[in-house]
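Visitor: I have the sequence and the coordinates open. Where should we begin?

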Amino acid sequence: MPSLSYSDQFTELKSRISGDLSWDKSSRLLYSTDASEYQETPRAIARPSCDADVKAIIDFANTNQISVIARGAGTSLAGQVVGGGIIVETSHGLNRILSLDTSKRTVRVQPGVVRDELNRYLKPFGLFFAPETSTANRATIGGMVGNNSCGANSIVYGSTRDHLVSARGYLSDGTEATFSAQDNNSFKSDSVDSSLNSTIYKTIYTLLSDSQNQALITEHFPKPSVTRRNTGYALDSLLDSHLFNKASNKPFNLCKLIAGSEGTLFFGVEYELNCEPLPAEPALLCAHFSSVNEALKSVNTALKYKPSAVELIDKHVLDCTKENLNQIKNRFFIQGDPGAILVIELRDNDRKNIQDRAVSLIEAFKQNNTGYAYPLLFGEDAARVWDLRRAGQGLLSNVEGDAKPREIVEDTAVAVEDLPAYIEEFDSLMKGKYGIACVYYAHAGAGELHTRPLFNLKTKEGLHMFRAIATDVAALVKKYRGSLSGEHGDGRLRGEFISYMVGPECYTMMRRIKETFDPKGILNPGKIIDTPPMDTSLRHSHTEVTHEYKTSFDFSKSGGILRATEKCNGSGDCLKSHLTAGTMCPSYMATRNEKDSTRGRANLLRHALSHPSKSDEPWTEPGLAEAMQLCLSCKACKSECPSSVDMTRLKAEWLNQTHQVRGIPLRSQLISRFSQIQRLGMIAPYVYNWAISNKLTASVIKRSAGFASKRSLPKLNTFTFKTWYKTHANKPGTNYDKKVYLFCDEFTNYNDVHIGIKCVSLLNQLGYYVEIPEHTESARASLSKGILSHAKKCAEENILAFRSRVCKETPLIGIEPSAILSFRDEYLDLVDPSLKTDAIALSKNTFLFEEFIAQEIDQGRIHSEAFIEEKKSILVHGHCHQKALSNMQSVIKMLSLPKGYQVSEIPSGCCGMAGSFGYEKENYPISNQISELVLLPAIRKASEATIIAASGTSCRHQIKDGVDRTALHPIEILFNALKPV
């Protein structure tokens, strides 16, 4: 083929596939990292939609000598899916469940199927796919096969290798192959011709039938009691078959080799998996210990009681939960300040049997003088503990400073009986030789802890330590005949140590296998075999300068805005689908495109700030604007991202900086001046409302402003809420029990006046005096558009207006979540330093209306007797900021106050409107797409008698536009339930 430019080459390939292919700079940067320490820019990104696309890509790679790197969710921790070839993302188009055989308990899936979504499909059949990674709500089956993933329950169910029945896909020469269980005759028939498939079988037989090689593998691979073993290619698993070991009753199956091979031998397009019967519901015994060592010495005691999981969480992880809005809610079970907790999962269909086992285990701990608290949790409480445990990797990015817990020796595994001694030596090595602390968590019951030393990889000393620690720990693991990788794989991080771990003879066998499967080095080269030095192609370099940028928001807690982006470690919690509970990330849920995820945006912004092509204009780097466009500023990432990456704030600052370079667009100015425009409209509200609703004039207004033609615009009330308040609130002569301050947000004042009226009337009738001091707008519209100078001015005026008034006895409450919660979020890092102390004090006594009412209920000041007794069904949709910065429990508690009210929360994420986002013409389609994921279908299914509740003005607008149902603010519902005075 004649030499062509990359653009010409990829244009040709793109014409040959039905899926997508991109090679622009920003797309390539998006896929230059995974969840590891590595970074390398690929040549192109392919998203195949069918098997034929995969074959075309492999054929193209052979012709052009370009490597092919299969990628699922991109959560690998050893650099497996980082490389300079074509990244082939399977999660986008190869994500179908193909068939289920309930009699055989097997399911066939494409590689991009997500583990938790597969189990959601299997559950009605009483089955599940057992291996369970902490990333299960976005981890793909292809990735789990590639890494031979295990998870918390591996002491019962083993690894993915144990559940892989067959694999169909493409060899490196583009020929299709299927691997499955074979008897001796079928093995021989597959070895008769000169095809690559036959050559593979011949080579395997030649290598593994040799008695000397068998002895070497038996001697040098991890000892049999090490159950988690991902060191190189699984030659030991292939030996354990009747083909090579007459004592074995297992058939030969090349799937044993494919699992854990990290896409270096074969590109799978279809996997057949063994499923297990659904287990009994679990209970968790959360044993608290003073130290990691004490906890580890108690593991064998726990294992005697046949748990399905024994997981360790150390103090470092527990302390990081204090800084995460989501996980701080999951600390409810923690007693005191433990050095470590063992989470011991017990399963039984009879709860009494679980309680009896737990009592016996607790007694055993006490007899050994280990532990000091042993809460036993069931149901939703147990699920919350698992949420905290699974967040461990991401939580550790909250450690302040450049010294972070590093992914380097995080996956070592030894025999469970060796674990206490191994970790004791490991800890002595870290503290004694290197003088550093280490984080310990995860799979204690299986002999594997995720050990993450804390050091600064941005320094020359840190880079030296990176290699030195890896080398020393490899020697320590070998001493115990353990595995350098238990479940995360070798990748490019551990590849260069495999020869040392298994010996040069076994490593030569592995290289022979790689060369046979992939003679041209097309499939994910540089992983497992012949890897580049483990301390090259890193995200961070000691020669780079960490750029400092002047920002309007105070990012000092993160060490500046660049370090705020670096908090994203690639764990991909933002890649979950709408089928999983949570809000993050609504745009990704709709598009399933990496650039529309929190991770994608954080990575692009990090690249721009670290390596700007124009040092004076990093904010205008190519691709940034496109990635930021679909960020809805929902705030979900602030709480749901374990690393607390606040993309809403990062986007606002990015907009603010781009405005300084390019000016503020007209539409952004109009949106920012929402309050002023509404104030002017109040001069003649009837005329204003006619103009925005008349077909002719409305179309002109929308077209001029850049709003979607099909989107209705919010109408003005004929009078403002403040006007009504001055003459109707707080009836003279009435004795009120308590005083509250109400923040009159701009949306309530002009558009939702009826809600404000009912708010004050409700509070008055319940015995509260309501005062609205003079104050300015919330500046929510300016914050969303990055016009931070105006937002800062408003924030400071509001702090000054309320600081001397608001206290614990006289709190500030608000109606619109995005407005009032600014006091607890953006204001704190936007106001002048001289006002920061006041802002913090004010934030502690600022509440959503629902939060306030829930507190008053708990304190016995509000009772159900004040409300009617009538059966009503209520469906609640939560505002994004409410879910991120507050909670939904207070809403449900408030609405459940009237006896007979049945309240359920719609498991929806963002409604898709998100303030002005859903009005903008280019965002209108995606706004509707987001609303149709969960919210609108749930409302359509509800009966007409069901009351729809939504706290957000934008949410109610989206519901009205989408299904022509009028959603009520919870205040309206509670007011309507008041007994007549």
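**Burial, packing and backbone**

Visitor: Does Thr 133 count as buried or exposed?

Guide: The relative accessibility of Thr 133 is 11%. Buried means under 20% relative accessible area, exposed over 50%, and partly exposed in between, with a 1.4 Å probe and protein chains only. At 11%, Thr 133 therefore counts as buried.

Visitor: What kind of model is this?

Guide: Residues are numbered from 1 along each chain as its sequence is written, and side-chain values use heavy atoms, with hydrogens and water left out. Local features need pLDDT of at least 70, side-chain atom pairs count only at pLDDT 80 or more, and totals for chains, interfaces and linings use all residues, since the model is predicted.

Visitor: Where does Thr 133 sit, and which residues is it in contact with, leaving aside neighbours within four places in sequence?

Guide: Thr 133 belongs to the loop between strand S7 (127-128) and helix H5 (141-147); helices (H or I, at least four residues) and strands (E, at least two) are DSSP runs, numbered from the N terminus. Contact means heavy atoms within 4.5 Å. With neighbours within four places left out, the contacts of Thr 133 are Ala 139, Met 144, Ser 149, Cys 150 and Gly 151.

Visitor: How far apart in space are Thr 133 and Pro 622, C-alpha to C-alpha?

Guide: Along the sequence, 489 residues separate Thr 133 from Pro 622. In space, their C-alpha separation is 35 Å.

Visitor: What is the radius of gyration of the whole protein?

Guide: The secondary structure comes to 45 helices and 27 strands. For 981 residues the globule rule gives 30 Å, and the model is close to that, so the protein is as compact as a globular protein of that length. The rule is 2.2 Å times the number of residues to the power 0.38, and the radius is taken over C-alpha atoms. For this protein the radius of gyration is 30 Å.

Visitor: What share of the contacts with a separation of 6 or more joins residues 24 or more positions apart?

Guide: Of the 981 residues, 63% count as buried, and the C-alpha atoms fill a box of roughly 100 × 75 × 60 Å along the principal axes. Among contacts with a separation of 6 or more, the share from residues 24 or more positions apart is 74%.

Visitor: How many residues of helix H3 are buried, and which elements do they pack against?

Guide: Helix H3 (residues 51-64) has 14 residues, which at 1.5 Å a residue should span 20 Å; its end C-alpha atoms are 20 Å apart, so the two agree. The expected span is 1.5 Å times one less than the number of residues. H3 is mostly covered, with 10 of its 14 residues buried, including Val 54, Ile 57, Ile 58 and Phe 60. Their packing partners are helix H1 (6-16) and strands S2 (44-47), S3 (68-71), S4 (86-89), S8 (164-170) and S12 (267-274).

Visitor: What is the phi of Lys 306, and what is that of Asn 369?

Guide: Most residues other than glycine have a negative phi. Lys 306 is in the loop between helix H13 (299-303) and strand S15 (309-314) and is exposed, at 70% relative accessible area. Asn 369, in the loop between helix H15 (351-367) and strand S17 (376-378), is exposed too, at 67%. Both phi values are positive: for Lys 306 about 50 degrees, and for Asn 369 near 55 degrees.

Visitor: Is the peptide bond from Met 584 to Cys 585 cis or trans?

Guide: Most peptide bonds are trans. Cys 585 lies in the loop between helix H22 (561-566) and helix H23 (586-591). With omega near -5 degrees, the bond from Met 584 to Cys 585 is cis.

Visitor: What separates the C-alpha atoms of Ala 779 and Ala 791?

Guide: Ala 779, in the loop between strand S22 (768-771) and helix H35 (780-784), is buried at 0% relative accessible area. Leaving aside neighbours within four places, its contacts are Glu 746, Ala 791 and Cys 794. Ala 779 and Ala 791 are 12 residues apart along the chain, and their C-alpha separation is 5.1 Å.

Visitor: Which residues is His 659 in contact with, leaving aside neighbours within four places in sequence?

Guide: His 659 is part of helix H27 (residues 647-662). Its relative accessibility is 11%, so His 659 counts as buried. Beyond four places in sequence, the contacts of His 659 are Ile 664, Pro 665, Lys 785, Gly 786 and Ile 787.
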